[in-house]
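Trainee: I am new to this structure and would like to learn how to read it. Could you take me through it feature by feature?

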Amino acid sequence: MAGRPVHEGLFTERHLIGGRCTSCGRHHFPAAVICPYCGAAEIARVELSETGTLWGWTAVTAAPPGYEGEVPFGFGVVELPEGLRVISRIEEADPARLSFGAPVRFGVVPLRTDEDGTEVVTYTFAPADRT
Amino acid sequence: MTRSVEVAGIGIHPFGRFEDRSVTELGVTAVREALHDAGDPHFQAAFCGTAYAGVAAGHKVLGAIGRTGVPIVDVEAGCASGGAALMLAAGAIRAGQYDCALVFGIEKMPRGIIRSSFFEPWREEAGLAATPAYFALRAQRLMRDSGITKDDLADVVVKNRAHGVDNPNAMFRSEVTAEQVLASRVVCEPLHLWMLCSPNEGAAAVVLRAPPEQSAGPRITLEAAALRSHLPGSVLSEGTPLSGLADDSVDPPSTLAARAAYDEAGLGPADLDVVECQDTDAARELLSYEELGLCPEGDAGKWLADGVTRLGGRLPVNPSGGLLSKGEPLGASALAQVVELVTQLRGRAGSRQVDGARLALGHTVGRGANASVVILRRSP
């Protein structure tokens with residue numbers, strides 16, 4: 001992957017990395033070693049779907065604590081076919097241009113550049129009808 | 001049969017910003033007032049709610065007035081810290097461990113968007129520690145599910161700020177118009193700046209005791225003090241997880257706490273005369289109507305529009321002005337609700353008095369998740 005991920009183990013270039021509990025069958029993100037729903041320690045790490053639908057969204061207009069990227073930026077909830085809703089950055093900062101159920105696609109975007117010139121990247125979802 | 005618990009005294013330090021006073025001094029003011037109000041009893045334990053005051057915060061307050069020696073327990077439960085402290089004290093009195101306990105909450109909030117050790121550093125770096133954005137997502141879903149408009153959100157602020165005008169303990173004591181609210185800047189669509197409460201400073205205290213065998217005049221009893229956390233699975237839970245299930249049937253912590261409290265008190269929401277609820281943002285108040293079962297699901301906007309929850313309405317909500325008028329010092333806010341509700345039940349709330357109030361409910365919910373619901377009764 002180009003750039004340094006903001007945190008290890010969250011995503012690849014194409015997918016979020018989630019966990020599927022082999023006991024209760026439910027998915028979670030980020031992948032954990034114990035199921036956050038049933039407590040079973042039987043987790044398979046899985047690549048989550050690349051596309052989903054928009055379940056909720058807003059825009060963050062002032063930099064939250066610890067964030068050094070640009071504002072405003074889109075922020076929302078993406079529903080994935082695995083039956084999972086994920087909090088994510090959204091590549092649309094104008095809430096008026098988004099709608100419930102709109103298709104969105106996974107992506108990786110730069111957050112900021114480190115002192116040594118390395119880009120720090122994070123996961124995002126972008127409106128699929130525009131990419 | 002377990003013993004009943006009565007509120008023997010209340011005290012408060014007004015909410016606001018006080019550069020010249022330490023959090024300990026705020027606490028001393030509220031505690032001394034509550035002890036004086038209760039007739040300066042001997043209390044056998046103290047519980048102090050706070051999220052930001054640091055190590056042994058309660059000891060510092062009681063140390064400043066020479067009342068240490070008893071067990072002092074600091075309790076952190078986010079916005080419900082005071083409710084959690086109250087639950088512990090009430091349970092101990094019911095069980096016969098103590099006859100009298102002091103409960104207080106103190107806070108000096110950092111300025112700006114609340115920074116919390118709750119979020120992992122990477123989540124902050126990625127911009128995902130945007131607390132108001134989570135409020136906004138909840139507001140958007142409520143608007144979709146209950147047909148609430150931005151005008152309704154502005155009207156919550158108009159109502160609560162109008163209530164707060166006559167509350168000497170509130171930070172904001174001027175009326176506002178819906179136009180002014182909607183003209184304030186958008187923080188996170190659909191929430192404008194004036195629709196969000198201000199984190200600030202303050203303290204509140206309550207003295208609880210097992211009722212003496214004989215006492216003159218009306219008494220205020222604590223009928224229930226319930227605390228609940230979140231169930232797993234809800235993406236918009238105040239637990240602010242990074243993911244949740246595509247399942248809308250997960251009960252929120254406020255509903256769990258309300259059910260437990262109604263059960264403990266042996267009554268239902270239709271019996272209530274006055275409510276103080278969590279209005280961190282305007283949508284949160286409307287959501288609370290539904291989560292506490294005050295109104296049927298989907299009717300929160302209608303209740304507001306019909307004036308049910310205004311002073312003079314059938315069930316006034318936040319006669320104190322709510323957090324939108326008072327501001328929110330986390331550790332103190334739940335106990336300040338109790339101070340307001342006891343004042344109402346005593347019939348001493350002046351121009352914001354809810355006539356004939358006999359049953360009152362206080363509700364807080366926030367990070368953790370933690371939700372607390374307190375029910376108070378005046379008798380006879």
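Mentor: Start with a definition: two strands pair if DSSP finds at least two bridges between them. By that rule, 3 strands of chain A form an open sheet in the order 3-2-4, with antiparallel pairing. Keep in mind throughout that this is a predicted model.

Trainee: Which strands of chain A are the edge strands of that sheet?

Mentor: Strand 3 (27-28) and strand 4 (43-47) of chain A, since each pairs on one side only. Strand 2 (residues 17-21) of chain A pairs with strand 3 of chain A over 2 bridges, in the antiparallel sense. In that pairing G19(A) stands opposite H28(A).

Trainee: Which strands of chain A and chain B pair with each other?

Mentor: Strand 7 (residues 84-90) of chain A pairs with strand 9 of chain B in the antiparallel sense, over 3 bridges. There R85(A) faces G244(B).

Trainee: How many residues of each chain are in contact with the other?

Mentor: A general point comes before the count. The size of an interface is often given as the accessible area lost when the parts come together. Here we count residues instead: 29 of chain B are in contact with 33 of chain A. On the chain B side, helix 4 (121-125), helix 5 (131-146), strand 5 (186-188) and strand 9 (243-245) each supply at least two residues. Helix 5 of chain B gives the largest share, 6 residues. By type, the chain B side divides into 18 nonpolar, 5 polar and 6 charged residues.

Trainee: What is the overall build of chain B?

Mentor: Chain B has 12 helices and 12 strands. Its radius of gyration is 19 Å, close to the 21 Å that the globule rule gives for 380 residues, so chain B is as compact as a globular protein of that length. Of its 380 residues, 61% count as buried. Among contacts in chain B with a separation of 6 or more, 78% join residues 24 or more positions apart.

Trainee: Is helix 6 of chain B mostly covered or mostly exposed?

Mentor: The general idea about helices first. An α-helix has 3.6 residues a turn, so residues three or four places apart point the same way. Helix 6 (residues 150-164) of chain B reaches 21 Å from its first C-alpha to its last, close to the 21 Å expected. This helix is mostly covered, with 12 of its 15 residues buried. The buried ones include L153(B), V157(B) and R161(B). Their packing partners in chain B are helix 5, helix 7 (178-183), helix 9 (282-291), helix 10 (300-305) and helix 11 (322-326).

Trainee: At what angle do helix 3 and helix 12 of chain B pack?

Mentor: Two packed helices are described by the angle between their axes and the distance between the axes. For helix 3 (residues 81-94) and helix 12 (residues 330-345) of chain B, the angle is about 65 degrees and the axes are 5 Å apart. Residues making the contact include G83(B) and L86(B) from helix 3, and A334(B) and V338(B) from helix 12. The contact holds 6 nonpolar, 5 polar and no charged residues.

Trainee: Where does the backbone of chain B have a cis peptide bond or a positive phi?

Mentor: Most residues other than glycine have a negative phi, and most peptide bonds are trans. The bond from G368(B) to A369(B) is cis, with omega near 0 degrees. A369(B) sits in the loop between strand 11 (359-366) and strand 12 (370-379) of chain B. Another cis bond joins S379(B) and P380(B). As for phi, A56(B) has a value near 55 degrees, and N318(B) a value near 60 degrees. A56(B) counts as exposed because it has 12 C-beta neighbours inside 10 Å. N318(B) has 29 such neighbours, so it counts as buried.

How values were computed. Residues are numbered from 1 along each chain as its sequence is written. Chains are lettered from A and ligands numbered from 1 in the order in which they are written. This is a predicted model: local features need pLDDT of at least 70, side-chain atom pairs count only at pLDDT 80 or more; totals for chains, interfaces and linings use all residues. Two residues are in contact if their C-beta atoms, placed from the backbone, lie within 7 Å. Helices (H or I, at least four residues) and strands (E, at least two) are DSSP runs, numbered from the N terminus. Ala, Val, Leu, Ile, Met, Phe, Trp, Tyr, Cys and Pro count as nonpolar, Asp, Glu, Lys and Arg as charged, and the others, Gly among them, as polar. The expected span of a helix is 1.5 Å times one less than its number of residues. A residue is buried if 20 or more other C-beta atoms lie within 10 Å of its own, exposed if 12 or fewer, and partly exposed in between; C-beta atoms are placed from the backbone. The radius of gyration is taken over C-alpha atoms; the globule rule is 2.2 Å times the number of residues to the power 0.38. Axes are lines fitted to C-alpha atoms, for helices over the stretch in contact, and angles run from 0 to 180 degrees between N-to-C directions.
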